[in-house]
Amino acid sequence: MSKRVTIDPVTRIEGHLRVDVEVEAGHVKKAWASGQMWRGVENILIGRDPRDAWAITQRICGVCTTVHAMASVRAVENALQLEIPINAQYIRNMIMLAHGIHDHIVHFYHLSALDWVDVVSALKADPGKAASLAQSLSNWNGNSKAEFTKVQDRIKGFVGTGQLGIFTNGYWGHPAMKLSPEVNLMAVAHYLQALEVQRYANKIVSILGSKSPHIQNVAVGGVANALSLDSQSVLTMERLLAVKEWMIKLDDFVKNVYLIDVAAIGGFYADWTKYGRGITDYLSVPDIPLDGKGTVFALPGGYIEGGKIESHKPITSFNDKFFLDGVSEAVTHSWYNYSGGNDKSLHPYKGETTPNYTDFQDDGKYSWLKSPTFYGKPMQVGPLPRVLNMLAAGHEPTKKYATAALDLVSTIAGAKVGLDALHSTIGRHAARAVGCAVQSDELMKQWDLLLANMGKGDMKTFNKPTFPKGEQMGVGFHEAPRGVLSHWVVIESGVIKNYQCVVPTTWNAAPRNEKNEPGAYEACLLGNPVADPEKPLEVLRTVHSFDPCLACAVHVVDQENNPVVTVRAV
Amino acid sequence: MRIVVLGIGNILLSDEGVGVRVVEKLEAEYIVPPEVEIIDGGTCGMEMLDQLEDLDGLIVVDCVRHGQPPATPILLRGDQVPVFFKTKLSPHQISLSDVLASLELTDTAPKTTVIIGIQPASMSLGMELTPEVAARVPELLATTIAELKALGITVEARS
C-alpha cells in the first residue's frame, strides 16, 4: 500500500513550495513539486523604462535582491550591446560574490544544517571531546572547549525554558539523525558563529551597493559609485580597506569552518551519496566578467550531459548563441495558458504570463512554476552543475577545493569517495561549499584588480546608455547562488515590450514539462528513503539540498496558517 | 541609544508594500537624529540581522491581516508581538520572525518591539497602494512618529 505525503510549506524560512510524494515500502515512488503562488511581476514591467527595471526586479525576492538587479541591467546592456567600464564590472563582481558567499553560509547553517544536525542531542555532548574533534579537523579559533561549553549552556537555557525559538520545527531524535552528540555540538557552535560571520558578507554588499538590504548603486551602463582614493562620501581607500578586512574574515570561516563541516558531515552521512541523483543534465553560465563586454570570465560555465564530465560544452560570452537559442518554457502542467496552445514550449523573448488556475491535478496542471528546458530537456542548475562545469573546464582552484573536500570525506567515511559521489543529495551541499571557497578566492582577486586599475588613474564607472528607435532584444544571465538566472527583455523605442525572468528555482522545482518529463526536484526524490511518513525528514533533506527559494520563482501571498505536514493515506 | 524604524512589504503587490511606503515618507519629510535608522526592508530576512542587533527599540510598519475591514489600522505591542508572529498575520513574518528568533538566540534582541499595521484592501499585482490604504498613510506616519516620541526621539519636519 502506498501513502501520499504532502509537505507544505517545505522551507524553513522562505515558503511557498509544496511537495507531494507517494511512498511505498519506505521509499518515494512518485513526486510532484508545486509552486503555490503566482508570479506576475513580468507584467508590471511592460511599458516601463528599461533603465528602471533592475530596481523593480530586485523586489521580486526577499533573499536574492541583488541577483535580479544584476541580471536586469545585463539584459538591457545586452539589448543595446553596451560595454561597461571595467571598474563597474569589478564592483558588480564583488557584490555578486559577497552576496553568494552570504547566501551559501546562511543556507548551510541556518536553513538546512538542522536536517542533519540534532540540536537536542548536542546537549549530551562532552564539550572537551567535541573541541578535540573540531581541533583535529581545523585550526579555526572558535573551536575551544570554553566556546563549546558556552554554546551548550546557551542551548540548555533555551530548551530549559521550553522555548526552542528558531529550532522549534526540527525533527529532533528522528531515526535518520546519525551524528554523535559531539559532532552535533560542534555544528551548533558553528551555527551560532555563522550568524556572526555572515554579517561581514553583508557589510561588503552594503558598502559597495550603497545601501542594504536593497542595493542602490547599479545602473544600466555601469555602477553609480564614484571612485576616489581620497575624497569623502564616495568609495574611498578607507572604505575599500574595510571591505578587504571583512573579506579576509569571511575567507577564514569559509575555508576553515564551512568547507570542513560540510566534508565532515558528508563523511558521517556517506550513505546519502546514494540518494538524490535525479537529473544529471547540468547547466551553468560563466560569470565574473573580466572585460567590459563579457567575453572573458573568471569562472567558467557550460552544459554537461548525463553527468559525463567529458561531455562539457562551454558557454563563453554574454552573446553566446548556444545558450540564447537553447532556453524555452512550457506550461502544460503549469497554471498558465499560452495563446498558441499549452502543448508548446516558448522562447523567453516570446514568453507569455497569462494565469489559468485549476486546482492541484496530479496528471494535469499543478504548479505556478513554468517548466524551463534547454534544447527540450529539463536541467539541474545550482552549485553542483556550476562546480562540475568548472572542473570540466579545467578551473584549477575548483579542482583544489574539490579534492581537499573529497579527501576529508574519504578519511571520515573510511572509504574512497570520488567525484561520482557528488551527484547526490549530500553532494549538492559539498559542491556548494567547494564553490563558496572558489568564490571567496575570487572575491579577494576582484578587489586587487579594482585597486590595480584605480592605481592606473582609471576612475570611470559608467557609460551612458542611448536607446535607438525600433526593437532590441537582450538577455542578462548570472550564475546566482541557486544557479542560472536569466532575464530576457524586448525593448521597443526605449520602452519595455516584453520581459521574462527564468529563475534558478523554476529550473529545479519545475513541474513535468510538455513531454511529461519531471523537473529536477521531482526526479531527485525518486527512491529517496522515508522511514516515517509522518515525519518525512529525508524528503526535506533532498529538497533542501537545492536551497529552494520560491519567493522569486513565484509570487503573492495570501497564506493562512498551513500545517507543516499533512499526511494522507492513498 | 539605537532605534530602527523598519518598513516591510512587497511594493510590487499594492497594499502589501504599505510599510515601505510609510518609511519612505518618513525619510522624505522628516529629519531623524543619527541614533535612528530608517530601513526599507522589502521582503528581506537574514540580510537585516546586523542592522537589527542590540536595538533599544524596533518599530515595524507592515501590512497586517487582522480580520477587520480594509484599511483599519492596528498597533501591537508587548505580549501581542509574539502572537503576531505566531499566527502569521503578515506574509513576511516567516523571515522577520526568524531574524528576531536568531537575535533571541544570540541575546541581542531589541529591548522593545512595536508593530504598526493596517489591514490591506488589495494585494494584487501593482506598484500603487489602493486609495483606501493610501488615505491612511499620514495616520500611520503620525503613529510612527508618536512611537518614536515615546522612546524619547523627536523628529523635525524638513522645510
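This is a predicted model: local features need pLDDT of at least 70, side-chain atom pairs count only at pLDDT 80 or more; totals for chains, interfaces and linings use all residues.
Of the 159 residues in chain B, 52% are buried. Among its contacts with a separation of 6 or more, 80% join residues 24 or more positions apart.

In soluble globular proteins, nonpolar side chains tend to be buried together. The largest nonpolar core here has 210 residues, and M94(A), V188(A), I204(A), Y258(A), L259(A), A405(A) and V434(A) have the most contacts inside it. Helix α8 of chain A, residues 181-209, supplies the largest share of this core, with 15 residues.

Leaving aside residues up to four places away in sequence, M94(A) touches I204(A), L208(A), L443(A), Q446(A) and W447(A).

Helix α4 of chain A covers residues 86-112. From first C-alpha to last, this 27-residue helix reaches 37 Å, close to the 39 Å expected at 1.5 Å a residue. A kink of about 30 degrees in α4(A) is centred on V106(A). Is α4(A) largely enclosed by the rest of the structure or left open? It is largely enclosed, because 26 of its 27 residues are buried.

Most residues other than glycine have a negative phi. N516(A), although not a glycine, has a positive phi of about 70 degrees, and D547(A), also a residue other than glycine, has a positive phi near 60 degrees. Their places in chain A are set out here.

| Residue | Loop in chain A |
|---|---|
| N516(A) | between α14 (504-509) and α15 (520-524) |
| D547(A) | between α16 (537-544) and α17 (550-553) |

Which of the two classes, buried or exposed, does each one fall into? N516(A) counts as exposed because it has 9 C-beta neighbours inside 10 Å, and 12 or fewer is the cut-off for that class. D547(A) has 27 C-beta neighbours inside 10 Å and therefore counts as buried, the cut-off there being 20 or more.

Terms used: Residues are numbered from 1 along each chain as its sequence is written. Chains are lettered from A and ligands numbered from 1 in the order in which they are written. A nonpolar core is a set of buried Ala, Val, Leu, Ile, Met, Phe, Trp, Tyr and Cys residues joined through C-beta atoms within 7 Å. Helices (H or I, at least four residues) and strands (E, at least two) are DSSP runs, numbered from the N terminus. Two residues are in contact if their C-beta atoms, placed from the backbone, lie within 7 Å. The expected span of a helix is 1.5 Å times one less than its number of residues. The bend at a residue is the angle between axes fitted to the seven residues ending there and the seven starting there.
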